[in-house]
Amino acid sequence: MAKSRYEYVKLFEQADQCLRNCWIVVRLDGRCFHKFSSQHRFKKPNDDRALNLMNHCGKAVMKEFPDIILGYGQSDEFSFIFKKSCNLFGRRASKLMTNVTSLFSSSYVFYWKNYFNDILQYPPTFDGRVVLYPSDKNLRDYLSWRQADCHINNLYNTSFWALVQQGQYSLPDAEKKLCGTDSGDKNELLFSQFQINYDKEPAIFRKGSILLWKENVVRKRKDVVVEHVDIIGDNFWTGNSQLLS
Ligand code: DGT
Ligand code: MG
Ligand code: MG
Ligand code: MG
Ligand code: MG
């Protein structure tokens, strides 16, 4: 077909291929989920329905894009790790990011009713970004960063809401009580005042969710499984050596 005289406009498009040999990370995050979670009356500090819905969406994304070797979710965010050799969409960052974020968002709406009895009040939005990591160490440090973030926030939120919900503290008083405390202080406070052993809190809250492909021996195919384990130490990586090989 002959080119139209308008076709030159394509030349304005910018190339955005991800550098070869790098790990491609797509991270998405709910927009204004502070408001979204309160409007939908999410349980504080953690709503298991919301986290399980996020994991369902994460699985849907991985099944659609098998080049994703690992997913990590916590709070209103999810990270997806594409294998280094991924050539999907010619490694174009915008294609990868928008397809992942779009499928995740539509899945969130589509599967909402499987997790919540109350209806969805308005359409949720997720932002997306692409980050490239040239070394395995950088990738591990990235995931450690996200899991440490999950831990720090969850320990704070668990302490804060224990003071408010069980200790009858006002919100400003609870904030004051925690100001300047380290993690040891918070563990001690939870245990001595509320008989809460933080290490016994559900792992999905403390560690976040790791999604990875595992052989399903019964069905003789690979499935996405969800684990709530430590990914900062070496154990996870020696036990799942296929991830970095
Ligand atoms: P953003 O991402 O800059 O558009 O703004 P937000 O409001 O989404 O802030 P972000 O992503 O830093 O923090 C996540 C918010 O979502 C935070 O306000 C707490 C809320 N959230 C996430 N998971 C839960 C949950 O399980 N229960 C409750 N109550 N809130 C949650
Ligand atoms: Mg957010
Ligand atoms: Mg934010
Ligand atoms: Mg967030
Ligand atoms: Mg098209």
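Visitor: How many aromatic pairs does the count come to here?
Guide: Keep in mind that this is a predicted model. Rings of Phe, Tyr and Trp pair if their centres lie within 6.5 Å. By that rule the count comes to 23 aromatic pairs.

Visitor: Take Phe 65 and Phe 89: is that pair stacked or edge-to-face?
Guide: The ring centres are 6.3 Å apart and the planes meet at 65°. Planes over 60 degrees apart get the label asked about, while stacked needs under 30. So the Phe 65 and Phe 89 pair is edge-to-face.

Visitor: How many residues apart are Phe 65 and Phe 89?
Guide: Phe 65 is in the loop between helix 2 (48–64) and strand 2 (68–74). Phe 89 is in the loop between strand 3 (77–82) and helix 3 (93–115). The pair links distant parts of the chain, 24 residues apart.

Visitor: Which residue lies over the face of Trp 145?
Guide: There are charges over rings in this model, one of them being the charged end of Lys 113, 5.8 Å from the ring centre of Phe 110. Over Trp 145, the distance to the ring centre is 4.2 Å. The residue there is Arg 146.

Visitor: What about Tyr 198: how far is it from Asn 154 in space, C-alpha to C-alpha?
Guide: Tyr 198 is in the loop between helix 6 (183–194) and helix 7 (203–207). At 3% relative accessibility, Tyr 198 counts as buried. Tyr 198 and Asn 154 are 44 residues apart in sequence, and in space their C-alpha atoms are separated by 9.9 Å.

Visitor: What area does the nonpolar surface patch with Tyr 8 have?
Guide: Tyr 8 lies in the segment before strand 1 (23–30). Val 9, Leu 11 and Phe 12 make the patch together with Tyr 8. Its area is about 510 Å².

Conventions
Residues are numbered from 1 along each chain as its sequence is written. Chains are lettered from A and ligands numbered from 1 in the order in which they are written. This is a predicted model: local features need pLDDT of at least 70, side-chain atom pairs count only at pLDDT 80 or more; totals for chains, interfaces and linings use all residues. Side-chain values use heavy atoms; hydrogens and water are left out. Patches are made of residues with over 30% relative accessible area and no salt bridge: like charges are joined within 9 Å, nonpolar side chains (Val, Leu, Ile, Met, Phe, Trp, Tyr) within 5 Å. Accessible areas come from the Shrake-Rupley method with a 1.4 Å probe; for residues, only the protein chains shown count as cover. A salt bridge is a side-chain nitrogen of Lys or Arg within 4 Å of a carboxyl oxygen of Asp or Glu. Helices (H or I, at least four residues) and strands (E, at least two) are DSSP runs, numbered from the N terminus. Rings of Phe, Tyr and Trp (its six-membered ring) pair if their centres lie within 6.5 Å; planes under 30 degrees apart count as stacked, over 60 as edge-to-face and the rest as tilted. A charge sits over a ring if NZ of Lys or CZ of Arg is within 6 Å of the ring centre and within 35 degrees of the ring normal. Buried means under 20% relative accessible area, exposed over 50%, partly exposed in between (1.4 Å probe, protein chains only).
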